[in-house]
Amino acid sequence: MLKGFGRTPFGPRTTPGLGAAPTSADEPPPLPSEAPPPPKPTPPPPAAARPREAPKEPNPADEAYETLKRHIHMRLVDRLDLNRVTEMDPSTLRGEVRNVVEHLCDSENPLLNRNERMRLVNEILDETFGFGPLELLLKDEKIADIMINGPRKIFVEKEGRIQRSEVVFRDDEHLLQIIDRIVSRVGRRVDEASPMVDARLPNGSRFNAIIPPLSLDGATVTIRMFGSRPLTKDDLLRFKAFTPEMLALMEAAMRARLNIIISGGTGSGKTTLLNTLSSFIQPDHRVITIEDAAELQLQQDHVVRLETRPPNIEGRGAVTATDLVKNALRMRPDRIIIGECRGAETLDMIQAMNTGHEGSMTTVHANSPRDALSRLETMISMAGLELPIRALRSQFASAIDLIIQASRLQGGPRKVVSISEVIGMEGDMIIMQEIFAFRQLGIDGNSRAYGEFIATGVRPTFMDRLEYAGCALAPDLFRARTLLKD
């Protein structure tokens, strides 16, 4: 299956000794009267290599523990009745298997203390039904990201800081087995022919893996964690991701079916914000989501989830986001939500916003609201469509109503740093105005950014649309002032 990645069939290259050059077997020896050939110049010594991390000495106790765990796991697999396993309820099956594992622990090593026995049973169950060592990290609600750089270098982002985890995999083959188990559950594959893969975990977390030969130091895995319970608006208010005034405007914009783009960098909280805003969509609206790896957790009942498909091993059968957007237009949607615009589907999304599918949303990677519009132009140009810039920008100006900029600041806080309205065109330029903003004032003693949320004093031009939708906002909501200091 995945065994053998990272190994080479060639042995180590031998370096010839310094000094006299080796002679060929077919070369005749020099005559005594001939002068000996001049010695070849000595090659310069190789540059000092980068010091490698000294390998840790194996702990005999840890090795004995791993040997016992593998032995019990093998005996458990031999005793499982696969026909009966597929018919049983998962919770009942796990309870019965736990009893079998506890019995095997008593028979194999009755000298284990209570804590060791409990740890061994849980790890064997995770190895059998879950994702092995990853299960311990996936259960930690404080972890936001898991970064695996080979089987023994695992880092996590916890409370805004990256730290090394004590969790390790047994070896490269063990890590590759877990990767294959994850991607096979969602119909994806990873091998030498396709060494990169995007997938999702059962809880909706985003999973990316890249394996040798592209990854030189072993398989590399990145997991963007999504909790079992989606964050609500109250949670984000408590985290000071935005203020109540900003939330009131975003809620009214969702109910009035304004077209919204959420912009931001990697890890800035775009998907979390999109999930939160989706709670304001009317329950009778038909929502269709389109994603590369389904990770949105919308909070409505009437949701149709579509997912792209990569090509098979023969390079056929791919279904792109553009294909899904075109098909979604035939499915009677009220709103279309694209998890992230990356290519040619951008133009189809903009056209859908302009042809009666108001209230649609998408996310895009960009550093500012102005950059978000530039990126949309670039992605359409990369699709090979030669459209006049003015016509393209006119489409953007009429389709997009609001751009929400999210950012991950130094030290880990994620905030909505700008809410901007797209007004229209002036010449060849798209005119925008900022309604709310976050201004960073400095860094505190814990290397954490702090600042203040402000209202710029600009009143949006779409206020009449909000009133028609029954969303009456307070008259002084947009008065220029400081809203909150963090």
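How are H10 and H11 oriented relative to each other? They are roughly parallel to each other, a label given to angles under 35 degrees, whereas angles over 145 count as roughly antiparallel, 65 to 115 as roughly perpendicular and the rest as oblique.

## Basis of the model and overall make-up

This is a predicted model, in which local features need pLDDT of at least 70 and side-chain atom pairs count only at pLDDT 80 or more, while totals for chains, interfaces and linings use all residues. Residues are numbered from 1 along each chain as its sequence is written, and side-chain values use heavy atoms, with hydrogens and water left out.

The chain has 14 helices and 16 strands, these being DSSP runs numbered from the N terminus (H or I with at least four residues for helices, E with at least two for strands). Of the 486 residues in the chain, 42% are buried, where buried means under 20% relative accessible area, exposed over 50% and partly exposed in between, with a 1.4 Å probe and protein chains only. Among contacts with a separation of 6 or more, 57% are accounted for by residues 24 or more positions apart, a contact being heavy atoms within 4.5 Å.

## Two helix pairs

Helix H10 (residues 321-328) packs with helix H11 (residues 345-354) at an angle of about 20 degrees, their axes being 8 Å apart; axes are lines fitted to C-alpha atoms, for helices over the stretch in contact, and angles run from 0 to 180 degrees between N-to-C directions. On the H10 side the contact involves Ala321, Thr322, Val325 and Lys326, which meet Glu345, Asp348 and Met349 in H11. By class, this contact of H10 with H11 has 3 nonpolar, 1 polar and 3 charged residues, with Ala, Val, Leu, Ile, Met, Phe, Trp, Tyr, Cys and Pro counted as nonpolar, Asp, Glu, Lys and Arg as charged, and the others, Gly among them, as polar.

Helix H4 (residues 114-129) and helix H6 (residues 172-184) pack at an angle of about 55 degrees, with their axes 10 Å apart, and that makes H4 oblique to H6. Here Asp126, Glu127 and Thr128 in H4 meet His174, Ile178 and Arg181 in H6, so that by class the contact of H4 with H6 has 1 nonpolar, 2 polar and 3 charged residues.

Leu134 is found in helix H5 (residues 134-138) and, at 3% relative accessibility, counts as buried. Although Leu134 and Ile178 are 44 residues apart along the chain, their C-alpha atoms are separated by 8.7 Å.

Ser420 lies in strand S13 (residues 414-426) and is buried, with a relative accessible area of 5%. Its side chain is joined to that of Ser418 by a polar contact of 3.1 Å, the term denoting a pair of N or O atoms within 3.5 Å, where within protein one must be able to donate a hydrogen and the other to accept it, and residues adjacent in sequence count only if both atoms are side-chain atoms. Leaving out residues up to four places away in sequence, Ser420 touches several residues, including Pro369, Asp401, Met432 and Gln433.

Gln433 has its place in strand S14 (residues 429-443) and counts as buried at 18% relative accessibility. The side chains of Gln433 and Glu421 are joined by a polar contact of 2.7 Å. Beyond its neighbours within four places in sequence, Gln433 is in contact with residues including Ile419, Ser420, Val458 and Arg459.

## Loops and backbone features

A cis peptide bond, with omega of about 10 degrees, joins Pro212 and Pro213, and Pro213 is found in the loop between strand S5 (206-210) and strand S6 (220-224). Arg257, in the loop between helix H8 (244-255) and strand S7 (260-264), has a positive phi near 60 degrees although this residue is other than glycine. Ser447, likewise not a glycine, has a positive phi of about 60 degrees; Ser447 lies in the loop between S14 and strand S15 (449-455) and counts as partly exposed at 36% relative accessibility.
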